[in-house]
Amino acid sequence: YNGPLEVSMERTTLISPADVEQQLAFCQSVAELTARWPEGKPLAFVDTYGCQQNEADSELLRGMLCEMGYQITDTDRGADVIVINTCAIREHAEQRVFGNVGALVHGKRRNPEQIICLCGCMAQEPHVAQRLRQSYRHVDLVFGPQQLWRFPEFLRRVMLRRGRVFETERDEGAIAEGLPVRRSGKLKAWVSIMYGCNNFCSYCIVPYTRGRERSREPKAILDEIQSLAAQGYKEITLLGQNVNSYGKDLEGGWDFPTLLERAAGIPGEFLLRFMTSHPKDATEKLFDVMARCPKVAPVIHLPFQSGNTRVLGAMNRRYTREQYLEKVAALRARLPDVVLTSDVIVGFPGETTPEFEDTLSLMEEVRFDALFTFIYSPRKGTPAAELPDPMTKAEKSANFDRLVEVQNRISLEKHRAYIGTVQRCLIDGAGEDPRNNLTARTAGGRLVHLSGDAALIGRFADIRITDCSTWALFGELSAEHPGAGG
């Protein structure tokens, strides 16, 4: 693959405060229309597919809908506005979206005034927008991620004209501050620190759908984190397609380790997490900050994708197997007990079985706590989709099963090492099993099932680990520390 190795960083374009105010004015204009609704507040449903960045975007969509007078519901049944926030990473996700969007035609027939919107990465793909325009006539509004800040304007246009609106032109993107947010809960919060991607991995559609990398101003980010801490949020996750590229388009010498350390200095009882890190940009400076800042969770998601250097080159990942292993060694030298998770693709075009064996051997050497595993999915418009791919689906599936078996064994061994230890955990919700009515997360993000008073939800507590499975830990409130942390 001979795609772009570097993309020049230009200063990020900020949407002017006047333009943001204009969108807030559109919110009020729509609110005047919804105030006349015959049966109380109209209902809006936002359905989210894909990554945490999409989850954060959906919180903005819900915030704007609330400003426009809608009541948020958790089902499309009876909703007056349906927003489907899509993901384009894998073909399976796209087909699932098309199936679900197609099924919405029945509700639209029952309620012709219903407005159906589709946004997110799929909307930015030209072939998808064309298919929606021609074959999904019940979809009223389609717009890409870079135009999300203009959602009130688009929705108002649909409501007043009842015409279809498509806003999917290629756009490198900008940053809009001051939009309303409706967060999904009171314990955990997403904070986007940057948008877009400059990496152009040969299999990935994201740089084409989300535009170029652009960083939010550090003051806006730190102010948001400070506000969340003051509101009592206990876990704050910093988001970007590649957080380690943060600040390259800003003045003043800001980079991600500097931002992370400043965030960790904000008063309050909370943990900081971040994702995702690209190995080529994960630096020892970052590892040093993680090691010396107690508020930074000792966990990192560091996708390796393949254990073979030739395949990594074909993927345009810009690091070798040896360089990845050096990063892991540098990280563990500072944080021996760090929880390390990763992504891996099985069956990349041209991958041979011996090259796949290199992935298995890297897994044995690194011993990841958990892996997100995928069989390669061709994405139209990416260089990898044009590569010859001689390995059969059956061979890829067999390799995938072998990989999962190896990782499940390692995960279980890792979890067994927790038994008998006491872990500081955030009790974050109710469990489905009455024998373990609570769930919690270790600082490293491991799921813990336990029994206890529901009043502990939202508090930190010391939990003694008593048992485990491949995917979770089981524990009890520590006798030495029976209550919640202060």
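1. Start with two phenylalanines, Phe143 and Phe151, which are both buried in this predicted model. A pair of aromatic rings is described by the distance of the centres and the angle of the planes. Here the ring centres of Phe143 and Phe151 are 5.6 Å apart and the planes meet at 25 degrees, so this pair counts as stacked; the cut-off for stacking is under 30 degrees. In total, the structure holds 11 aromatic pairs.

2. Now compare a pair with another geometry. Tyr203 and Phe348 sit edge-to-face, with 6.3 Å from centre to centre and 80 degrees between the planes. This pair links distant parts of the chain, 145 residues apart. Tyr203 belongs to the loop between β8 (194-195) and α7 (206-210), while Phe348 belongs to the loop between β13 (339-346) and α13 (353-366). Both Tyr203 and Phe348 are buried.

3. Rings also gather in a group, and some have a charged neighbour. Phe304, Tyr319, Tyr324 and Phe368 are linked into a cluster by ring pairs. Arg131 lies over the face of Phe98, 3.7 Å from the ring centre. Likewise, Arg133 lies over the face of Phe166, at 4.1 Å from the centre of that ring.

4. Next, find strand β3, residues 81-86. Is this strand buried or exposed? Of its 6 residues, 6 are buried, so β3 is largely enclosed by the rest of the structure. In a regular strand the side chains alternate between the two faces of the sheet. You can follow this along β3: Val81, Val83 and Asn85 point one way, and Ile82, Ile84 and Thr86 point the other way.

5. Which strands pair with β3? Strand β1 (residues 43-48) pairs with β3 in the parallel sense over 5 bridges, and Val46 has Val83 as its bridge partner there. Strand β4 (residues 115-120) also runs parallel to β3, joined by 6 bridges. In that pairing, Val81 stands opposite Ile115.

6. From β1, move on to Tyr49, in the loop between β1 and α2 (52-67). Its relative accessibility is 5%, so Tyr49 counts as buried, the limit being under 20%. Leaving aside residues up to four places away in sequence, Tyr49 touches Asn54, Ile84, Asn85, Thr86, Cys87, Arg96, Val97 and Asn100.

7. An α-helix has 3.6 residues a turn, so residues three or four places apart point the same way.

8. Finally, look at the nonpolar cores. The largest has 70 residues, and Leu238, Phe256, Phe274 and Ile300 touch the most other members. Beyond residues up to four places away in sequence, the contacts of Ile300 include Phe274, Leu286, Phe287, Met290 and Leu331. A second, separate core has 29 residues, among them Val30, Ala44, Met68 and Val165.

How values were computed:
Residues numbered from 1 in each chain as written. Heavy atoms only, no water. Buried < 20%, exposed > 50% of the residue type's maximum accessible area, 1.4 Å probe, protein only. Helix = DSSP H or I, 4+ residues; strand = E, 2+ residues; numbered from the N terminus. Pairing = 2+ DSSP bridges. Phe/Tyr/Trp six-rings, centres within 6.5 Å; stacked < 30°, edge-to-face > 60°. Lys NZ or Arg CZ within 6 Å of the ring centre and 35° of its normal. Core = buried A, V, L, I, M, F, W, Y, C linked by side-chain atoms within 4.5 Å. Contact = heavy atoms within 4.5 Å.
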